[in-house]
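Colleague: Please take a close look at the helical part of this model. I would like one connected account.

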Amino acid sequence: MKSSPAVRALGVAAGAALLQLVMITAFAWPAAHLAPRRVPIVVAGPAAGPVAERLADARPGAFAISTRPDEASARKALTDRDAYGAIIATPSGTQVLTASAASPAVAQQLDALAQRFAPKRDAAAGAVPAVRDVVAADPDDPRGTGFGGMALPLIMSSIAAAALLTFAVRRVSWRSAGVLLFALLGGLGSAALAQSWMSLLPGPYLAIAGVMAVTIAAVTGTVAGLASLGRAGLGVGAFVFLLVGNPLSAATSAPELLPRPWGEIGQYLPPGASATLLRSAAFFDGAGAARPIAVLAGWTVLGAALLALGARRGRAGRAATADRAPEPALT
């Protein structure tokens with residue numbers, strides 16, 4: 001029995017209101033609870049021990065502190081993406097090293113903490129520890145707002161492309177070709193836009209374009225693959241990548257600033273893996289790229305498998321329809 005227009009209207013309105021609450025929660029809740037949670041930092045130098053102890057006692061659980069013998073090894077920890085910052089503590093003074101390219105938000109917190117954990121002699125004299133940005137963010141985007149602003153459009157456009165291919169292209173095999181072409185063109189175009197007019201990302205153009213292309217392929221391919229098994233797959237894909245993956249991507253902060261374990265979970269979804277891989281390719285010569293490459297490759301393979309399964313089901317359906325077709329009457 002068909003429902004009345006009034007019942008359908010009430011159902012749609014209630015569903016939309018619920019979706020609105022979910023979206024507000026998904027996007028606002030992680031941002032409202034940003035705080036350091038075992039953020040990896042390094043303390044180095046002859047006076048490293050006392051400074052590390054004071055930092056651990058003052059902010060329990062905020063930092064995962066490791067020690068290094070000297071400044072050179074501390075710098076290497078930052079360029080290898082093993083740490084977000086370092087405090088170099090020597091009898092003659094304190095120096096703070098940051099890597100704003102890894103996370104401007106963490107770098108700002110380390111700047112603020114620097115003088116609190118200087119040696120007592122420096123604090124009594126009113127000396128402010130020197131802060132040096134070892135791996136700086138792009139000078140045209142020092143706070144990383146432009147970098148973070150790229151994440152949502154990249155994911156939304158990939159989901160939109162999957163929806164367009166689903167409704168406009170009947171054969172799943174041709175949808176797959178559309179996914180590949182869109183990933184190629186989207187990666188090349190987005191990288192050119194980010195590096196030229198917007199000037200948001202340094203680094204090799206082809207590497208940046210490759211990261212964006214594999215991100216697009218992972219999202220568009222998976223959503224289109226889910227939709228090839230049923231139109232409800234579009235909603236499932238949008239929920240996973242947009243409502244869950246994007247707020248947990250930490251594109252504007254760092255995974256260690258999000259409530260646990262959500263920051264870590266976000267790194268296993270394409271938005272988070274893409275943000276981490278873009279930082280590695282643009283600022284760190286590929287350091288720390290292994291895991292996000294594996295994550296994006298895994299989602300791309302999953303999308304290809306879903307599309308292949310959808311194509312197989314489509315062929316089976318067409319064959320069954322042909323078998324049921326009546327034979328032409330003999331004249």
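Modeller: Helices here are DSSP runs of H or I with at least four residues, strands are runs of E with at least two, and both are numbered from the N terminus. The model is predicted, so local features need pLDDT of at least 70 and side-chain atom pairs pLDDT 80 or more, while totals for chains, interfaces and linings use all residues. Residues are numbered from 1 along each chain as its sequence is written, and side-chain values use heavy atoms, leaving out hydrogens and water.

The protein has 12 helices and five strands. Of its 331 residues, 43% are buried (under 20% relative accessible area; exposed is over 50%, partly exposed in between, with a 1.4 Å probe and protein chains only).

Leu 18 sits in helix α1 and is exposed, at 54% relative accessible area. Leu 18, Leu 19, Leu 21, Val 22, Met 23, Phe 27 and Phe 239 form a nonpolar surface patch of about 620 Å². Such a patch joins nonpolar side chains (Val, Leu, Ile, Met, Phe, Trp, Tyr) within 5 Å, or like charges within 9 Å, from residues with over 30% relative accessible area and no salt bridge (a Lys or Arg side-chain nitrogen within 4 Å of an Asp or Glu carboxyl oxygen). Areas come from the Shrake-Rupley method with a 1.4 Å probe, and for residues only the protein chains shown count as cover. Helix α1, residues 5–32, contributes the most to the patch, with six residues.

Helix α11, residues 270–283, is largely enclosed by the rest of the structure, because 14 of its 14 residues are buried. From first C-alpha to last, α11 reaches 20 Å, close to the 20 Å expected (1.5 Å times one less than the number of residues). Just after α11, Asp 285 has a positive phi of about 55 degrees.

Helix α6, residues 145–168, holds Thr 166 as well as Ala 162. Thr 166 is buried at 2% relative accessible area, and Ala 162 is buried at 0%. The Thr 166 side chain reaches the backbone oxygen of Ala 162 at 2.7 Å. An α-helix has 3.6 residues a turn, so residues three or four places apart point the same way.

Beyond four places in sequence, Thr 166 touches Arg 175, Ala 224, Ala 227, Arg 231 and Leu 234 (contact means heavy atoms within 4.5 Å). The C-alpha atoms of Ala 162 and Thr 220 are separated by 5.1 Å, although the two are 58 residues apart along the chain.

Conventions: Polar contact = N/O pair within 3.5 Å; in protein donor to acceptor, adjacent residues only side chain to side chain.
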